[in-house]
Amino acid sequence: MAEKIKILFIVTDFYQAGTERFTYELDKAIDKSRFEIHILSLLPLNHSKQWKDYYYEKHKALGTPIHFLDEVKFTPKAQITDRIKFRILKTPLTDEKAQVEKFLQQFQAISFLGEYAYPSFAKYLNENNEQKSIIHIMNSIHQKRDLYAAYKKEKAYNFCSGFDDARIQEELSAFSNYRHTYLPLSINLKEDKNPWLSRSDASGKIGIFTRLSVHKPLDPFLYAFQLLLDRIPNLELHIFGSGNPEKEGMMRYVRQLGLTESVFFRGHQEDILETAQAENLDLVWFHGYYGEPGGFAGFDITSIGIPQIFWDFSNSAFSKEQTIYPMYNHLIQFVDKSYAVLTDISEAKSLSELQYEDLYAKRDIRKNVRIIENLWIQTASITHAR
């Protein structure tokens, strides 16, 4: 039997968020007879007072070895003595980089899960480890304009993302030397019939599933909802996700638009599919970028058939109406499409079917994981040849 290729996932944490979900989907779908996966976390467990390490036990249940940077940086003997020396004498921890390099030597490929995981770790990478590194882009410059501020733009990088060739050119326009592999956001799918098509009555509810953050603005949705209320009285908007709506500035829009009686912030949901089905939602709104759904939550909702409409925050040439994933950056168009889905059951079911069938055709992780597996094999062969 051929020796397994050892792959290292570098993550920042194990919270219940999009990148962490992507990491878990990969770990679960990878052919473990060919690949041995390890995870290195940059943050220790229980680092956050707000977020639980949701995926830590799930990775452990898959049998995946998990390491932490604080443990890797020091030999057991040096962990205490060098830290004390650093605090007292302010001398550098001289063996730190060497210890990390020694740890990385055992892996044939390194995947940084999230473009934000790379910059702070780059100081530990020698030339060989740089060449076997793959950076998975999980956000966009349209969420955070300085997303790549810490990158040296002239260096050679190997990126992987859900942006196709045309869209990645805009995303990485500041870089002069990179390779890119397209890997669609994908989830584990169960063969089933579309459950939403059998619904019998409307609820008068629109749902949004997101993390409340300045990087995930809600103001276009709130403006659209105000216009919809003029046409569909008693309509409700339910926003599910962790975060403080007052602190993040969402409540200011709600009050200014007179929506306090119709908009409800429902907080974090442990299982969005269970919540979405229990709420009997008529429509779900989501963020989009470059004409594509912006995260895993949208595809989860697709798997139970609830129709979705998107606001494209990239505001680019790709922001035009899509047949399968209607995507807009024009308020009236967004409102008109939402109104049609909310008031015409045939329109709603047609959209539900299109999205559901597209999901099964293009977003099955069991099929798409071969893309990243082939990239790891290629990376391992290149670095071995050197």
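Modeller: Contact means heavy atoms within 4.5 Å. This is a predicted model, in which local features need pLDDT of at least 70 and side-chain atom pairs count only at pLDDT 80 or more, while totals for chains, interfaces and linings use all residues. Residues are numbered from 1 along each chain as its sequence is written, and side-chain values use heavy atoms, with hydrogens and water left out.

Biologist: Among contacts between residues at least 6 apart in sequence, what percentage joins residues at least 24 apart?

Modeller: The count covers contacts in the protein between residues at least 6 apart in sequence. The share of these that joins residues at least 24 apart is 74%.

Biologist: What is the radius of gyration of the protein?

Modeller: The protein has 15 helices and 14 strands, taken as DSSP runs (helices H or I, at least four residues; strands E, at least two) and numbered from the N terminus. The globule rule (2.2 Å times the number of residues to the power 0.38) is compared with a radius taken over C-alpha atoms. For 386 residues the rule gives 21 Å, and the protein is close to this, so it is as compact as a globular protein of that length, with a radius of gyration of 23 Å.

Biologist: Which residues have the most contacts inside the largest nonpolar core?

Modeller: A nonpolar core is a set of buried Ala, Val, Leu, Ile, Met, Phe, Trp, Tyr and Cys residues joined through side-chain atoms within 4.5 Å. Buried means under 20% relative accessible area, with a 1.4 Å probe and protein chains only. Beyond its neighbours within four places in sequence, Trp285 is in contact with residues including Ile206, Phe209, Phe334 and Ser338. The largest core has 115 residues, and those with the most contacts inside it are Phe9, Phe121, Trp285 and Trp376.

Biologist: Which helix gives the most to the lining of the second largest cavity?

Modeller: On a 1 Å grid over the protein atoms alone, a cavity is a set of points where a 1.4 Å probe fits but cannot get out, and lining residues have an atom within 4 Å of a point. Among the residues lining the second largest cavity are Thr19, Glu20, Thr23, Leu113 and Tyr116. With three residues, the helix that gives the most is H1 (residues 18–29).

Biologist: Is Glu20 buried or exposed?

Modeller: Glu20 is found in helix H1 and lines the largest cavity alongside residues including Tyr55 and His59. Glu20 is in contact with Thr12, Asp13, Phe14, Tyr15 and Tyr55, its neighbours within four places in sequence being left aside. Because its relative accessibility is 8%, Glu20 counts as buried.

Terms used: Buried < 20%, exposed > 50% of the residue type's maximum accessible area, 1.4 Å probe, protein only. 1 Å grid on protein atoms, 1.4 Å probe; cavity = no way out; pocket = protein on both sides within 12 Å on 5 of 7 lines; lining within 4 Å.
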